[in-house]
Amino acid sequence: MCLAVPVKVVSIEGDEAETEIGGVRRRVSVALTPEVKAGDYVLLHTGYAIGVVDEVEAKETLKLFEEIINLSEVH
Amino acid sequence: MEQAMNDTILLAHGSGGKLSHALVETKFLPLLANPLLDKLDDSAIFEANGRLSFTTDSYVVDPIFFPGGDIGKLAVCGTVNDLSMSGAKPLYLSLSVIIEEGLLIADLERIVQSIKAAADEAQVDIITGDTKVVNQGQADKLFINTSGIGIIPAGIDISGANAKAGDRVILSGTIGDHGIAIMSQREGLRFETLLESDCAPLNKLVAQMVEACPNTHCLRDPTRGGLATTLNEFAQQSNVGIVVEEDKIPVKEGVRAACELLGLDPIHVANEGKLVAIVEPDDANEVLAQMKQNCYGRDAAIIGEVTDDYPGRVIMKTRLGPSRIIDMLSGELLPRIC
Amino acid sequence: MKFIDEYQNSELAKKLAQRITGHSVRSIRLMEFCGGHTHAIMRYGIRQLLPETIEMKSGPGCPVCVTAIGDLDKAIALSHSPGVIITTFGDMMRVPGSYSSLQQARAEGANIRIVYSTMDALEIAKASPEKSVIFIGIGFETTAPTIAASIVKAEKERIGNFYVLSFLKLTPPVMKALLGLGEIKLDGIIGPGHVCVITGSHPYEFIPEKYGVAYVISGFEPLDILLSVDKLVQQIETGSPKVEIAYRRGVKPEGNRKALELMQQVFEIDGADWRGIGIVPQSGLKINKQYQHLDANNAFSGLLRSARNDKPAKEPKGCRCGDVVRGAATPLECKLFGKACTPEKPVGPCMVSSEGACSAYYQYGLP
């Protein structure tokens with residue numbers, strides 16, 4: 001639930017930010033993510049950023065997929 | 001004696017008197033001029049030989065101006081396209097407007113310009129019309145009705161009931177553009193995008209397709225309810241199953257993004273300049289090639305085929321591999337948060 | 001689109017599915033708590049990729065589906081009041097209340113506007129100072145902080161005509177209630193990834209600790225869901241249930257501190273009425289004393305009272321949404337499914353909400 005979509009933060013003004021996904025721009029509230037910086041990706045839910053996407057973890061997850069796949073190939 | 005033209009439409013503009021005449025004569029006639037319209041008789045008289053196609057549609061879109069078009073362009077293209085979907089060459093349109101008192105005359109002028117531009121591109125004449133004005137609040141700025149007459153060449157029999165197992169399903173281009181362009185303007189959903197409505201007259205595209213393949217089985221433009229609804233209509237009318245592949249359906253990145261944001265599925269979003277064709281397997285490649293030569297068929301693709309399995313249903317092979325049923329749109333297309 | 005496309009890779013999906021099949025020996029039952037997962041599972045055909053040893057059940061994590069019918073009636077009653085503009089997420093419009101729906105009320109002249117965000121509702125309030133703008137607050141912990149933020153903003157900017165009717169609910173108490181009910185035996189739960197962005201993972205530790213049920217917090221793309229199922233199978237096969245975060249790019253164990261603070265600032269915990277389950281203690285969020293003047297329950301108490309007396313809430317006959325929402329029945333087991341109850345003329349919320357199990361089964365069903 002809770003549709004939340006990863007969008008890129010383009011610029012921040014106070015507690016609002018300009019974000020972008022696939023060429024679509026949307027002004028969102030970053031009241032819930034005061035630590036956000038321009039260039040970060042945030043999870044957008046009903047017009048609010050609810051969390052900053054951890055890009056390091058994202059890469060780790062993709063690496064994990066690769067490992068899982070390689071392991072299963074060895075079997 | 002010249003009547004002064006105010007900045008906004010008044011009730012009197014629809015009452016049939018001097019102000020009405022002035023409105024028609026200054027705002028509509030000069031732009032839409034053609035011999036039949038210029039006569040200004042109660043009805044337009046013409047001859048036509050052959051099988052005729054006749055359609056009508058009313059346009060109540062809000063907002064009346066949107067990226068890529070306006071209600072006027074929509075009104076012409078919509079009716080031209082309905083005629084084209086039976087294989088007809090569109091000949092004449094009627095134009096009936098119901099204007100809410102208070103509409104800016106400048107806006108009306110803009111819309112009539114759009115109507116003219118669309119009619120010129122489609123090479124149709126508007127030969128009869130009507131203007132009414134209603135009290136403020138009784139119409140949402142402007143409602144338009146267009147009816148159209150076209151002529152179907154001999155030997156053409158296009159119908160939603162003609163699909164047969166083995167036929168190929170061809171889509172003329174990217175889906176969801178119009179619906180997303182409209183939504184981007186709606187209060188409460190505001191997001192910015194460079195996406196524009198795909199509103200366009202498809203009669204020339206159809207003429208090319210039908211010339212290359214007179215035996216085209218089905219044609220329809222997936223307007224309200226989107227691609228999914230049109231495919232379901234074909235499946236039900238022809239009592240066949242249709243299987244399409246998600247990967248083959250062209251969707252612009254911005255439409256995908258907007259749909260992700262709003263929780264919508266592009267297959268349910270309206271289009272105003274696309275068509276779905278069902279043709280025999282041996283004709284598919286030729287038809288596709290013809291379509292790609294037309295600017296409105298540039299992104300055309302074969303997206304699936306007709307089968308005897310699952311009669312009346314439409315199945316989509318998802319990006320991941322497994323298949324699922326795709327249904328018509330139920331109710332309004334509402335954005336969701338969950 | 002970054003952080004979406006990479007998690008939809010079909011080759012990886014197939015391989016992950018094969019791996020799950022390889023590991024899955026015992027027959028197990030998993031619940032996807034969250035309606036968003038139900039929707040994704042059906043949309044991508046994930047059930048078909050999983051082995052027969054895994055049975056999937058949909059849970060009550062669809063805020064639309066679990067909004068009590070009497071609560072929906074309240075929103076509809078308020079919409080008919082002349083000075084009121086109702087602002088709501090689109091999800092609620094078509095849900096049938098006891099006598100009507102928001103969609104029907106709008107057709108009858110009620111001023112109801114669909115919004116995507118409470119920010120838009122605040123804009124509407126600013127633009128129409130002579131009206132009372134009431135926001136229908138449905139949702140779980142993902143949405144609660146956004147509504148809290150809007151209440152704080154309304155107070156700060158002195159937007160005196162903005163009110164919230166809170167139907168917000170909390171997920172750990174209802175999971176506890178369901179597991180406690182013991183109606184169906186669950187081996188594992190796919191945890192709601194976006195709720196957990198806010199709450200973190202700690203509130204769910206009682207699930208493996210007290211009930212021995214595996215719990216993996218999952219994202220919403222197909223690879224996320226498959227990864228979570230893989231982890232659940234592993235936990236179950238090795239008999240080591242625990243709380244695990246598979247959605248690591250979104251969820252931290254401590255959650256979103258700022259969001260949790262805002263929720264504490266604005267709300268207090270109260271009992272809530274869950275459709276199909278009843279009152280679950282300490283499972284709802286009520287606007288606290290500091291902000292009570294923005295609480296529509298207070299500001300419109302008279303209207304709500306007389307509406308309740310005139311038209312008491314009643315469930316539609318034969319509707320099994322309650323059973324479906326608890327995982328006690330599948331949509332196919334409801335006599336109304338596909339016949340009297342379809343997306344065009346829905347009887348209960350499970351058929352209306354795009355996250356509802358019935359809607360998912362109907363629209364995305366297996367050919």
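A nonpolar core is a set of buried Ala, Val, Leu, Ile, Met, Phe, Trp, Tyr and Cys residues joined through C-beta atoms within 7 Å. A residue is buried if 20 or more other C-beta atoms lie within 10 Å of its own, exposed if 12 or fewer, and partly exposed in between, with C-beta atoms placed from the backbone.

This is a predicted model: local features need pLDDT of at least 70, side-chain atom pairs count only at pLDDT 80 or more, and totals for chains, interfaces and linings use all residues. Residues are numbered from 1 along each chain as its sequence is written, and chains are lettered from A and ligands numbered from 1 in the order in which they are written.

**Stop 1: the core**

Select B:Ile242, B:Ala277 and C:Leu226. Of the 252 residues in the largest nonpolar core, these touch the most other members. Helices (H or I, at least four residues) and strands (E, at least two) are DSSP runs, numbered from the N terminus.

Stay on C:Leu226. Which residues is C:Leu226 in contact with, leaving aside its neighbours within four places in sequence? They are C:Ala13, C:Leu16, C:Ala17, C:Ile20 and C:Ile46. Two residues are in contact if their C-beta atoms, placed from the backbone, lie within 7 Å.

**Stop 2: chain C as a whole**

Along its principal axes, the C-alpha trace of chain C spans about 65 × 45 × 40 Å. Of the 367 residues, 60% count as buried.

Colour chain C by domain. Domain 1 is 5-58 + 172-245, domain 2 is 69-168 + 256-310, and domain 3 is 323-364. These bounds come from an automatic or database domain assignment. Over C-alpha atoms, the centres of domain 2 and domain 3 of chain C are separated by 25 Å. Seven residues of domain 2 of chain C are in contact with eight residues of domain 3 of chain C. On the domain 2 side, the residues divide into three nonpolar, one polar and three charged. Here Ala, Val, Leu, Ile, Met, Phe, Trp, Tyr, Cys and Pro count as nonpolar, Asp, Glu, Lys and Arg as charged, and the others, Gly among them, as polar.

**Stop 3: a serine and a helix**

Select C:Ser166, in strand E6 (residues 162-166) of chain C. Is C:Ser166 buried or exposed? C:Ser166 counts as buried because 28 C-beta neighbours are inside 10 Å. Leaving aside neighbours within four places in sequence, C:Ser166 is in contact with C:Gly137, C:Leu285, C:Lys286 and C:Ile287. Now pick C:Leu178, twelve residues away along the chain. The C-alpha atoms of C:Ser166 and C:Leu178 are separated by 23 Å.

Go to helix H7 (144-156) of chain C. H7(C) has 13 residues and reaches 18 Å from its first C-alpha to its last, close to the 18 Å expected at 1.5 Å a residue. That expected span is 1.5 Å times one less than the number of residues. Buried residues of H7(C) include C:Ala144, C:Ile147 and C:Ile151. After H7(C) comes C:Arg158, whose phi is positive, near 50°.

**Stop 4: chain A and its neighbours**

Chain A has a radius of gyration of 16 Å, whereas a compact globule of 75 residues would be near 11 Å. Its C-alpha trace spans about 55 × 25 × 25 Å along the principal axes.

Where does chain C touch chain A? 40 residues of chain C are in contact with 30 residues of chain A. The largest share of the chain C side, five residues, comes from H1(C). By class, that side has 20 nonpolar, twelve polar and eight charged residues.

Finish on chain B. Here 15 residues are in contact with eleven residues of chain A. The chain B side divides into seven nonpolar, three polar and five charged. Select helix H8 (residues 253-262) of chain B: nine of its ten residues are buried. The buried residues of H8(B) pack against strands E1 (5-13), E2 (16-21) and E3 (24-29) of chain A, together with helix H5 (177-183) of chain B. Last, click B:Gly263, which follows H8(B) and has a positive phi, near 75°.

Notes:
The radius of gyration is taken over C-alpha atoms; the globule rule is 2.2 Å times the number of residues to the power 0.38.
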